[in-house]
Amino acid sequence: MSGQPYGAQARPRGPAEGLRSHAAVLRERAERLRGACEALDWKGPQADAFRARVDELALRCTRAAEGLARSAAELDGRAG
């Protein structure tokens, strides 16, 4: 255990690191959403609709993470 409260993270050193940190969290949350949804023991049309919605949300999280990572790379390029 790190000694930090649940959900606490070390502060990023700069804007690019902050963006990368947020991107990593979004990717992790997207994977957790997908995994939790796959683990559900629920069948039928409502379950299918729910899974489709969760998959859409996870994909949006992944795309947002990619955008944050691209922004971090642009910031790195401007600083150098």
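Student: What is the relative accessible area of Trp42?
Tutor: The model is predicted: local features need pLDDT of at least 70 and side-chain atom pairs count only at pLDDT 80 or more, while totals for chains, interfaces and linings use all residues. Residues are numbered from 1 along each chain as its sequence is written, and side-chain values use heavy atoms, with hydrogens and water left out. Buried means under 20% relative accessible area, exposed over 50%, and partly exposed in between (1.4 Å probe, protein chains only). Trp42 is partly exposed because its relative accessible area is 35%.

Student: Which residue forms an aromatic pair with Trp42?
Tutor: Rings of Phe, Tyr and Trp (its six-membered ring) pair if their centres lie within 6.5 Å; planes under 30 degrees apart are stacked, over 60 edge-to-face, and the rest tilted. By this rule there is one aromatic pair. Its centres are 5.5 Å apart with 50° between the planes, a tilted arrangement, and the partner of Trp42 is Phe50.

Student: Where is Phe50 placed, and what is its relative accessible area?
Tutor: Helices (H or I, at least four residues) and strands (E, at least two) are DSSP runs, numbered from the N terminus. Phe50 lies in helix α2, residues 45-79. Phe50 is partly exposed, as its relative accessible area is 37%.

Student: What separates the C-alpha atoms of Leu40 and Arg51?
Tutor: Leu40 sits in the loop between α1 (15-39) and α2, and is partly exposed at 36%. Contact means heavy atoms within 4.5 Å; not counting residues up to four places away in sequence, Leu40 touches Phe50 and Arg51. Leu40 and Arg51 are eleven residues apart along the chain, and their C-alpha atoms are separated by 9.4 Å.

Student: Is Thr62 buried or exposed?
Tutor: Thr62 is found in helix α2. Leaving aside neighbours within four places in sequence, Thr62 is in contact with Ala30 and Arg34. With a relative accessible area of 19%, Thr62 is buried.

Student: How many helices are in the protein chain?
Tutor: The protein chain has 80 residues, of which 18% count as buried. It has zero strands, and the number of helices is two.
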